[in-house]
Amino acid sequence: MKNKILIMASIILATVFSCTDDFNEINEQPDALTSSDVSAKYFVTTLQQKLYRSTTVPLWYGDLLHPDQFCGQWAMGHSSYAWNGDFGWDYFSVLTDLGSWDWYAGYNTNLTAYLNLVKEGGPLENDQYYALGLVMKGLYYHAFTDTFGNIPYSQASDLSVELPQFDAQIDIYRGIISDLDLAISIIGDNTITGAGVDQLGENDVIFNGNMQNWKQLANSLKLRIALRASGSPGEDFSANAASEAIASGVLADNDALFEAFADETDIWGGSASYGDVWHNFPTARWKISEAMMNVLKQSNDPRLGEIAKPSVGGTITILKPTDGENVSLIPDHVAFLQSTLDGAGLVLGTDYTWTETATDLTITMPDNTNYVGIPSRLSGKIKTYMEGNLFSDPSDIVTQQTNQGSPIFPTIVMTSADSHFMIAEAIVKGLVSGDANTYYQLGLQKAMALWNTATSSDFLASEMGSLNGSSEQNLERIATQRWLANYTNGYEAWAIVRDTGYPTSAVITSNNNDIISFAGELNGAYPQRLQYGSSVYTSNAANAEAAVSAQGPDKMATSLWFAN
Amino acid sequence: MIQKFKKLLLLICVFSAHTLYAQTTTISGTVTDSSDGMSLPGVNVLEKGTMNGAVTDFDGNYTINVSNDNAVLQFSFVGYSEQEVSVSGQTAINISLEQSSEGLDEVVITALGISREKKSLGYAVTEVSGDNVNTIKDNNLASSLAGKVAGLQISQSGSLGSASRITIRGNNSLGGNSQALIVVDGMPINASLPISGGGSQISSGSADSGGTPSYEPSISGGGISDINPDDIESISVLKGPSAAALYGSRAGNGVILITTKKGTRSNRIGVSVKTNLSFDNPMFLPEFQNKYGQGTFGAAYSTPNFNPLANDGNGDYSWEALSWGGSLDGSQQEYYNGDTRAYSAQSSNVEDFFRQAERSITTVSVDKGSDMGSIRFSYTNNSSNSIIENSNLSSHNFNLRAVNNLSDKLTVDTKGTYFTQTVNNRASTTGAQGLLAYVYNMPRNVVTDDMRNYQMANPATPSEYNEIRYAGGNAGNPFWMLYNDKNDVRRNRFLGFTKINYEFNDWLSAFARIGTDVTNIRDNAVKRPGGHFANSGYMKLGQSTFTELNSEFLVTAKHDLTDKLNIVANVGGNMSKRTSEGMLVQGTDFKIKTATFINNLNVVQAPEESPLAIKKVNSLYGSVNLAYDNFLYLDVSTRNDWSSTLSEDNRSYMYNSASVSAILNKFIDPNKEVFNLIKVRGSVAQVGNDTDPYQLNQTFSVRGQGYLGLTTVEASPVRLNADLKPETITSSEFGLELGLLNNKLTLDLSIYNMSTKDLIFDVPVPAATGFAFSRDNIGEVTNKGVEIALGASVLNSDNFSWNTSLFYSKNENKIEELVDGLDSFVYNESIDGGVKISATEGGSIGDIYGRVWTGETDAEGIPIASDANVLLGNAQPDWLGGWSNTFTYKDFSLSFLIDARMGGQIYSQTSAEMDANGVSARSLQYRESGVVVAGVNVATEGVNTESISGQEYWTAMSGISENYIYDQDNIRLRELSIGYKIPVGSKFGLQSATVQLVGRNLFFLMNKADDIDPEAMFGTSIGVQGLSHNAMPTLRSIGLNLNLTF
């Protein structure tokens, strides 16, 4: 009897313990959504934000330390900066990986998910959303390839390919143009993405859901790519693409801006402004570079006071070293500092005083008066002479922290100023015909308007004011203005410098390593790209190595196809 | 408190009332040792064939009520031969036990809490007694296990209130967790970390990446650190799957099985008071130079007119944090705070930062027993200070255990433990931006106490409410951080179970047990405004709850098939339900700068919710143990798990184990002339392992914060896999146990081979695929090793004894296979980019790759570091050793433990930074004269002739990681205790009184690493082993124990 009870009990227990009725249910995540819960528009906001308002780390380690410095608009290396001036000019895997490669490469997750949702046959199929996605894809891949060169493109986002090959930049350019063409034709005359839940509206932070603006942005990007490709080896599409883009209509009045905001509170996981780095990490503050300051000053650019603040000034005492190698460099370092002040147009005795003794150097400067840019790429050795109060900071609108109720300069996606400059450039290069100066001066107006200023007579009278020089001089002016119009958009400004070589003052190369950073493998050369993220050598090694052998060493000094 | 105690006393009385039910015959007597006539406390007295028993008290006296006059009493005690005596109407039975010459009867606790004779086990189990872990206490029990068990590796990390990493027989998993399972009184306890805290180590990718180093990691407590050492009766370490197969999925990495104390079955109320007072100091500090002061390139300071009090947050931050200034010649120089002072060395400024920390741990326990059962209550109070100011821990632990024999067949065993701990400021000490970065690297002429003036005073004007630092913006002020950058944690934990045991008859018994573990954690991290990071202030409030509920049963049947062949069969089942949930609120920018609470924040981020996540695992298992003629033993076990985390097709999985033990004395040395034990054993076992909830289906997440008030949805970077299978760990083990010369000499040797396949792993994939990781079952990891434990009773005379034991364990870890296209996986890269901790096919987990010197210098003569990362070492030690000794002389005792960790490397980012900053003693080299580095100058392509300064040299050296890869080899005097048993007679009702002088981490006999203790790792996750970065100094503690029993 007892045994029977035991057997019965065992059977019952076995049933109870193998009971898994609720297992499927409890393994469904309560705080997650499936495709039936979502609308494509929610992804659009994510796609825009992830590309244009990155988190603090990519903004700092990526934008600030690399393209923003390399393009010659901002510079670190003054005495108040926490790290040596070399910082960023030497390959440092953590900075490149976290700051740029991982951020760009990681963007593809949301892009792929989005395109798969809205494509033909996808769970949220919608051709207008798909077209918009193709434009975002073009913006993304263009910035990505211009930073690194060959990257996976044609085999990317294909679930059947686990190890996508890297494509040559020329093929990526061709692919982006063909995606843009598709997007332009899908948009046609459409103005909205659809009705009800399909209507994009305010979830489109750039254009509020206006598809015609997206078409213009697509054309502007197509023109940008055509101009960058123009003259590079083997390309045969730039003239055609440029004229098509201009004919179809680039951004004429609207700017594609990613508006600043006052209520973004997720500064760690969400997006950040330059001001969040500036104010949260006071030792990581940067100055207006000598190159940009001097371009602005020489042409009496009305934007000067909007872009830069006068240097703090005051009485500044710099102690000379008493020990070590720097003792012998004192004369060079002192002379360099003085030539920097003179180069900024300051007049000794009027704009500043200079008292040198055997042990120190005292400079006085009126408070908040002079505009002085700091030379880029300074070596750590001269850092202590580059007293922070001598040099100009960026204006408050750029370094404004989020959530303070004050306006913040928007992130630039593409400006109508750049569109006009690009038409002028296409004309000067002979890709299309027209009056280059008209477009150039229209571009100037748009560029000034971005900084709430208008072209002044002083400015129009300067060399920079019109395209009245030789073809090369005109190309230089256009490049310089495109570079200025992309101020705060370092990745694009740096690409302009690499493509055109202008402004020449931004291309700081040197062999004087007592003053200019000679750090690392660049060895004084101008940085032409960033190195691949170290993850490619562990997760996709064979393809990465093939890319390196096709493109040249995975070094910052290796020129990219478009810059050839 | 007094109220509580009164209530508990009342409870004890209620329980004790059961003893009033008397039974028929009462027998009492004294048990003594036959050799010396000394009384024997703790001897088990059992009425044969029943559960009715008693235990002798301190004087060897026992009392037992038996049901009839024909009862037989069994007297058993570890180390003595068992004796049986028939009652035959006697009421007083005095007996003397003989010391066992065989030592065969040692009983150990095995899986599911089943007591087994050690000789019958076919796998390795090491038992550690409670005394061994509660004599020399630490805030974390894990620390007390270090050096005591072959194959067990403990890594410490972090500051007061932080956890340890515990691995047994190496790392089996590529992912985050290779740590041992902790089981307390049969109930697995939760070792999860709260959603904040530990999470800060994991800054990108998934948890499987092992975590990237953070700039200032904070390591949570939890798991074993919540267990009170004074409640521990014994600890069994079940090494590997063979011993632990019955625990299933979670036991693949071994089990630490903790058995807590019950009340002794003595008729009188036993009271014991144990108190420990100890003093902690840094065991050692890095070696600093004292010749050069603050500055760079030989200049004292870059900007002597700096005035920190006028610092408006925008101005001058230019005081160098470096000690590359001029000679500390005592000349009058401007000091960082604006004073003019003698420029002279502060040789003890780092030492001055630390204080002597006091720790007091007191346990009071009360117990009482009878033939009806027993009850024990204990209360422990721990009040500890950290060696850094404003950081302390206090905890209270209440523990009530009651065992009651409701009838001669039915026993109820219940325990409840309530643990509450408050850590005031578990400081983030490690990492590039941790507290100690600014202590170790403080310029050599800075006076520590000057930094106590750390805060500019005007909260009304935020720009005037800033931290005052010795190097402007180039450093933090450690005192500011201690008082204004805080991390408070409160943990409340309840552990409890009820076990009902029923003896159907003399061959069949069963128990059912239900137990729970509930942990509540509240984290509160605050950065006050004005600091060097998060200047406007930041705070975070996290609340998380973890629960674990286990319901189980076990039926045990014993049968003697023949005289010689005995069989024991167990069938059991377990339903495990684990949950976690939490909330996190964080924000920045305090409205009123002097107060720190959520409502005072200008910017509050949307709260993050981690909704209730449930994992259930149901299991059925069984085992059969066959014993033949007391010399051959065979165990087989099987277990089937059903896990809610896997898909229906893969949810159910079964695994088996088998082991054999043979006592060969019969054949080799039957007369036991030399060997009194010759045992060989062997086992094979398999364990399956599941995963976490929600790992199967691709979903989207919605960001609480949204963006500009808009709803935003994101896709996951991990490609999930609905077909995920369980991992399997397969192990085989062979062992030899010898007892020689009457057990004066013992040997226990194990050789094992473990292999983990189908590891559930987030394989990093090219981001171009649309994912960053793909979750798959991949690869194979093996661990092979040897463990040897030697014991000797060197001397054992009336007054003097010396017992010694020695262990050695060696483990070899190898990654046999990863996955096609992935040869190597980088767990993380150190913050300075100097090293990568990776897993490489053909290598082993924790391989350290880093930069070497190329042999070249640049044009200027500065050495160039290689681009490529070269294999420089591995984070796992080759072997561990321990040597413990106990001497007794009359009432005195002395014991010490020396342990060794040999092989394995560690990257000391601490040292690299100290060199770059010019504070280390090493950095004195080349200061005066500079150096011409002997190498090829890349500019001239000839031998370098360019001289560089010491600063340039050491800055370059600090970027070449091979310079800071140190061997982990170290041997230390880990523990020392000197005890004296005070002869008290029975004054004040005292039964015994002992005082002990105890010390931990007294000194190194050898340490190959500079500056650091190689056991102090960066964190507890697998990916940061092999890195040390401004770890808290290892504590040397010296204390006094007073143990009184009444």
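At 5% relative accessibility, Ser242(B) counts as buried, because the cut-off for burial is under 20% relative accessible area. The model examined here is a predicted one. Ser242(B) lies in helix H4 of chain B, which spans residues 240-244. When neighbours within four places in sequence are set aside, the residues in contact with Ser242(B) are Tyr123(B), Ser683(B), Val684(B), Ala685(B), Ser731(B) and Glu733(B). Pro443(B) is 201 residues from Ser242(B) along the chain, and a distance of 55 Å separates the C-alpha atoms of the two.

Chain A contains 22 helices and 9 strands. Its radius of gyration is 27 Å, close to the 24 Å given by the globule rule for 564 residues, so chain A is as compact as a globular protein of that length. Taken along the principal axes, the box filled by the C-alpha atoms of chain A is roughly 110 × 70 × 50 Å. Of the 564 residues in chain A, 63% count as buried. Among the contacts in this chain between residues at least 6 apart in sequence, 74% join residues at least 24 apart.

Two packed helices are described by the angle between their axes and the distance between the axes. In chain A, the axes of helix H3 (residues 40-52) and helix H7 (residues 127-148) come within 11 Å and cross at roughly 10 degrees. H3(A) and H7(A) are therefore roughly parallel to each other, since angles under 35 degrees count as such. On the H3(A) side, the contact involves Ala40(A), Lys41(A), Val44(A), Leu47(A), Gln48(A), Leu51(A) and Tyr52(A). These residues meet Tyr129(A), Leu132(A), Met136(A), Leu139(A) and Tyr140(A) of H7(A). Sorted by class, the contact of H3(A) with H7(A) comprises 10 nonpolar, 1 polar and 1 charged residues.

Helix H10 of chain A covers residues 238-248, and its buried residues are Ser238(A), Ala241(A), Ala242(A) and Ala245(A). Viewed down the axis of H10(A), these buried residues fall within an arc of 100 degrees, so they line one face of the helix. An α-helix has 3.6 residues a turn, so residues three or four places apart point the same way. The buried residues of H10(A) are covered by elements including helix H8 (169-187) and helix H9 (211-229) of chain A. After H10(A) comes Gly249(A), which has a positive phi, near 110 degrees.

Definitions and conventions. Residues numbered from 1 in each chain as written. Chains lettered and ligands numbered in written order. Predicted model: local features only at pLDDT ≥ 70, side-chain atom pairs only at ≥ 80, totals over all residues. Heavy atoms only, no water. Buried < 20%, exposed > 50% of the residue type's maximum accessible area, 1.4 Å probe, protein only. Helix = DSSP H or I, 4+ residues; strand = E, 2+ residues; numbered from the N terminus. Arc of directions from axis to C-beta. Contact = heavy atoms within 4.5 Å. Axes fitted to C-alpha atoms, helices over the stretch in contact; angles between N-to-C directions. Parallel < 35°, antiparallel > 145°, perpendicular 65-115°, else oblique. Nonpolar A, V, L, I, M, F, W, Y, C, P; charged D, E, K, R; others polar. Rg over C-alpha atoms; globule rule 2.2 N^0.38 Å.
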